[in-house]
Amino acid sequence: MSKFDPYQHLSIRPNPDGTITRLTNFPSTEANPDIIPGIPTVSKDVTVNEETKVWARIFRPNKLPSNDNTVVRLPIVFYFHGGGFTLFSVSNITTHQPCSTIASETPAIVVAVEHRLAPEHRLPTQYEDAIDTILWVKKQVLDPQGERWLRDYGDFTRCYLGGRGSGGNIAFHAAIKAADHDIRPLNINGIFLNQPMFGGKERLPSELKYATDQLIPLPVLDLLWELALPKATDRDHRYCNPMQDAVYKSKVSSLGRCLVISFDMDPMFDRVQAFVQMLVAEKVQVDARFDIVGFHNIDIVDTQRAQAILNIIKEFII
């Protein structure tokens with residue numbers, strides 16, 4: 001792949017100042033705060049941090065379950081989109097739609113985080129944006145004038161963090177960092193990682209076997225980490241390869257339940273397996289769903305597989 005251009009593959013162009021120009025406008029949709037026939041949820045965009053411009057899209061099911069005419073409080077799901085830390089938005093249809101489905105079918109209140117992107121904002125910025133959003137939700141549930149969908153309908157004792165790809169990476173690291181903050185009365189019950197993005201300096205068999213993967217060949221994975229990791233670090237940094245950091249591994253035991261989903265034809269499959277082995281060694285309660293048929297982001301192009309994954313996530317949250 002000596003002539004392969006990972007920038008062209010990602011449809012981005014590097015700029016002299018270290019930023020990138022994103023050349024593709026991905027299909028997006030506006031929030032719908034009012035009920036629209038045929039759409040099972042309502043959604044609204046809220047500002048989380050005015051200084052950093054971080055915002056979130058909140059999803060709420062139209063039909064709220066009740067018990068004896070009392071509205072049943074719903075779990076709160078913090079969702080982090082994929083895109084290798086460098087691409088995409090919660091407004092993209094590929095994120096908006098699954099968040100809407102999780103909200104309607106679980107049912108749940110979903111808070112999809114619009115974190116800042118690399119390389120303009122390198123890691124751990126995305127983890128900090130996740131913590132900012134968690135603390136913002138805490139403020140809303142404690143404030144009598146706080147965001148009503150969260151305050152009146154959310155069950156803050158049942159919070160979950162999750163995401164796809166790099167979003168799974170963010171969910172994991174945010175859960176670790178949340179232990180250093182007083183998030184009460186919020187309680188993180190578990191995390192779900194759909195095809196999480198991890199890496200390392202040493203090439204693992206699945207990376208070599210699928211080095212020319214059509215979606216994320218090795219040069220693309222290497223570039224994404226180069227753009228996202230702090231400068232002067234390598235792919236064995238804990239943000240990329242938590243399995244190599246003994247101090248960081250010691251914090252893993254603080255995690256609650258953990259759902260991990262991966263597919264055999266994903267170049268990062270062996271990374272995910274090693275990650276699950278680390279969780280098990282640290283006595284974390286893990287539900288690993290590995291499928292021998294499938295590739296990275298299969299749920300974006302295969303609606304049946306997408307529904308199957310959402311069903312697994314729904315069962316985990318319930």
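Ser66 is exposed, at 51% relative accessibility. Exposed here means over 50% relative accessible area, buried means under 20%, and partly exposed lies in between, with a 1.4 Å probe and protein chains only. Ser66 sits in strand β5, residues 66–67. Beyond its neighbours within four places in sequence, Ser66 is in contact with Val71 and Val72. Contact means heavy atoms within 4.5 Å.

The model is predicted: local features need pLDDT of at least 70, side-chain atom pairs count only at pLDDT 80 or more, and totals for chains, interfaces and linings use all residues. Residues are numbered from 1 along each chain as its sequence is written, and side-chain values use heavy atoms, with hydrogens and water left out.

Now the whole chain. The protein has 11 helices and 12 strands. These are DSSP runs numbered from the N terminus: helices are H or I with at least four residues, strands are E with at least two. Along the principal axes, the C-alpha atoms fill a box of roughly 65 × 45 × 40 Å.

Of the 318 residues, 54% count as buried. Among contacts with a separation of 6 or more, 75% join residues 24 or more positions apart. The accessible surface is about 14,300 Å², and carbon and sulfur atoms hold 50% of it. Such areas come from the Shrake-Rupley method with a 1.4 Å probe; for residues, only the protein chains shown count as cover.

Charge comes next. There are 33 positive and 37 negative side chains, and the centres of the two sets lie 2 Å apart. Lys and Arg count as positive, Asp and Glu as negative; His and the chain ends are not counted. Each charge is placed at NZ of Lys, CZ of Arg, CG of Asp or CD of Glu.

Turn to helix α7, residues 218–228. Nine of its 11 residues are buried, so the helix is mostly covered by the cut-off of under 20%. Among the buried residues are Leu218, Asp222, Trp225 and Ala228. What covers them includes helices α1 (6–10), α5 (166–178) and α6 (205–209). Strands β1 (12–14) and β2 (20–22) also belong to this cover.

The cysteines form zero disulfides. A disulfide is a pair of cysteine sulfur atoms within 2.5 Å. The sulfur of Cys99 is too far for a bond, because the closest cysteine sulfur, in Cys159, is 15 Å away. Cys258 is also in no disulfide; its nearest cysteine sulfur, that of Cys159, is 16 Å away. Cys99 is buried, with a relative accessible area of 0%. Cys258 is buried at 0% relative accessibility.

A cis peptide bond runs from Leu123 to Pro124, with omega near 15°. Pro124 lies in the loop between β8 (109–114) and α3 (125–142). Another cis peptide bond joins Arg184 and Pro185, with omega about 15°. Pro185 is in the loop between α5 and β10 (188–194).

Ser11 is not a glycine, yet its phi is near 60°. Ser11 lies in the loop between α1 and β1. Lys283, likewise not a glycine, has a positive phi of about 65°. Lys283 is in the loop between α9 (269–281) and β12 (286–291). Lys283 is exposed, with a relative accessible area of 73%.

Gly256 is partly exposed, with a relative accessible area of 31%. Leaving aside neighbours within four places in sequence, Gly256 is in contact with Asn189, Val284 and Gln285. Gly256 and Gly199 are 57 residues apart in sequence, and their C-alpha atoms are 23 Å apart.

Lys249 ends the tour. Lys249 has its place in helix α8. At 27% relative accessibility, Lys249 is partly exposed. Lys249 touches Pro242, Met243, Met278 and Glu282, not counting residues up to four places away in sequence. Leu279 is 30 residues from Lys249 along the chain, and 8.6 Å separates their C-alpha atoms.
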